[in-house]
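Visitor: Please take one part of this model and go through it closely. I want the geometry, with numbers.

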Amino acid sequence: MTSAPAQQHPVQQTPARQTQRYVFDPVWEKETERLRTNEAIWDPGTLERLAALGVGPGWNCLEIGAGSGSVARRLADRVGPTGRVLATDLQTDRLGALAELEQVDVVRHDLREEELPEAAFDLVHSRMVLQHLPDRAAAVARMVRALRPGGVLFLEDTDSSTLFRSFLSEDFLQDVRAAGYGLMRESGHDPRGGHVDLQLVLAAGLEATAEGRAVMVRGGSDQARHYMLWLEFMRPRIVAAGLLDDARIDAALAEMADPAHHWLSQVLISTVGRRPGEAGPGR
C-alpha cells in the first residue's frame, strides 16, 4: 500500500468509533466469512457493470465500504499502474491484502460524517452501504462532490422483497425473512434502499439510470452460506424478540443447506449517474 500525494486522496484517517448502531458487528467471529460469501453472490454482476462503464487504465476510483477488498482489487486490475484506487471502510483490518498493490490506498473513513476530496475521482462506487445510513441524501451529496466533471457514480443497494421466493412454496422461509428484516429495519436498514438511490442521484442533479439483478441461490452453496450466516447472526435478536424460536431457526438453516432447494436473492438495484461536464484525460 502506498501513500498517495495529498492532492490525490486527501482523506483523513479516523479512529474506529461507534456513532450509530449498525446491523452487523464488524468484529463478529464469522464476519469475514459473511462478507466473502456476500461477494460470491454479487461480485460477478458488479464486475460486469464496471466493465460496461468502461473503467480502464488511468482512472481514479473510490470504493466506499470496501469490505474484504474484492471489488477494490478488481478495480486496481482495470485501472492499471497509471490509475489509482482508494478503498475506504469503517473497519480496514480486512483490507491488508491490498497492500501489495502499488496503485491502491486504504483509508478508514466514515461517510456519515466526513467529507471526501472534491472533484477527485472518475468513479465512485459503493455496494450495500447507503441502505444502512441515516442521512443518505447527505452521503450522496458527498459522493457527487467527489466526482470529477464527467465522473460516474455507481451505487448498489437492495430491495429485499424477493428474498427466498421459491417454487417450493409461496411461504418458503418468509417468516425468517420477515423476522430478520424487521429487526434490521430497527437498526436503520432500509429494505427498499435500492429504490431510494435513484431518486437521490436524480435529485443531486446527475443524469441517471437504474436496473436490478437477482441471483438464483442453490442450497448448500457458498451463496446459500451467506444467508445462513445472516440468520446465525440475527438468531439471538430474533429469539429474544419472540419472533421465532430456536427450533424454527434450526429448521430454516437445514432448509438453506439442502442442495435440493433453490431460492431467489434480493434484487440488487444498480444506479448509475454521471456528473455533468467533459470527461477527463484517459477516458
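Guide: An angle here is taken between N-to-C directions, on axes fitted to C-alpha atoms, and runs from 0 to 180 degrees. The model is predicted.

Start with helix α5, residues 193-203. Helix α5 lies across β5, β6 and β9. Its direction makes about 160 degrees with that of β5.

Now the sheet itself. It is open and has 7 strands. Their order is β3-β2-β1-β4-β5-β9-β6, and the pairing is mixed. Which strands stand at the edges? They are β3 (104-108) and β6 (207-213). Each has a single partner strand, so one side of each has no neighbour in the sheet. From one strand to the next, the twist averages 15 degrees.

Leu86 stands opposite Asp105 of β3.

Helix α1 (residues 31-52) also packs on the sheet. It touches β4 (121-127), β5, β6 and β9 (267-274). Against β4, the direction of α1 makes about 155 degrees.

Helix α2 covers residues 70-79. Its buried residues are Ser70, Val71, Ala72, Leu75, Ala76 and Val79. An α-helix has 3.6 residues a turn, so residues three or four places apart point the same way. The cover over the buried residues of α2 includes α1, β1 (60-64), β2, β3 and β4. Just after α2, Gly80 takes a positive phi of about 70 degrees.

Last, the aromatic rings, some of them on other helices. Rings pair if their centres lie within 6.5 Å; planes under 30 degrees apart count as stacked, over 60 as edge-to-face and the rest as tilted. By this rule there are 6 aromatic pairs. One of them joins Phe164 and Trp230 at 6.3 Å centre to centre, with 45 degrees between the planes: a tilted pair. Phe164 sits in the loop between β5 (147-159) and α4 (174-186), while Trp230 sits in helix α6 (residues 222-240). The two are 66 residues apart, so the pair links distant parts of the chain. Both residues, Phe164 and Trp230, are buried.

Trp230 also pairs with Tyr181. Their ring centres are 5.5 Å apart and the planes stand at 40 degrees, so this pair is tilted. Tyr181 belongs to helix α4 and Trp230 to helix α6, 49 residues apart. Tyr181 is buried. One aromatic cluster takes in Phe164, Phe172, Tyr181, Tyr227, Trp230 and Trp263.

Key: Residues numbered from 1 in each chain as written. Predicted model: local features only at pLDDT ≥ 70, side-chain atom pairs only at ≥ 80, totals over all residues. Heavy atoms only, no water. Helix = DSSP H or I, 4+ residues; strand = E, 2+ residues; numbered from the N terminus. Buried < 20%, exposed > 50% of the residue type's maximum accessible area, 1.4 Å probe, protein only. Pairing = 2+ DSSP bridges. Contact = heavy atoms within 4.5 Å.
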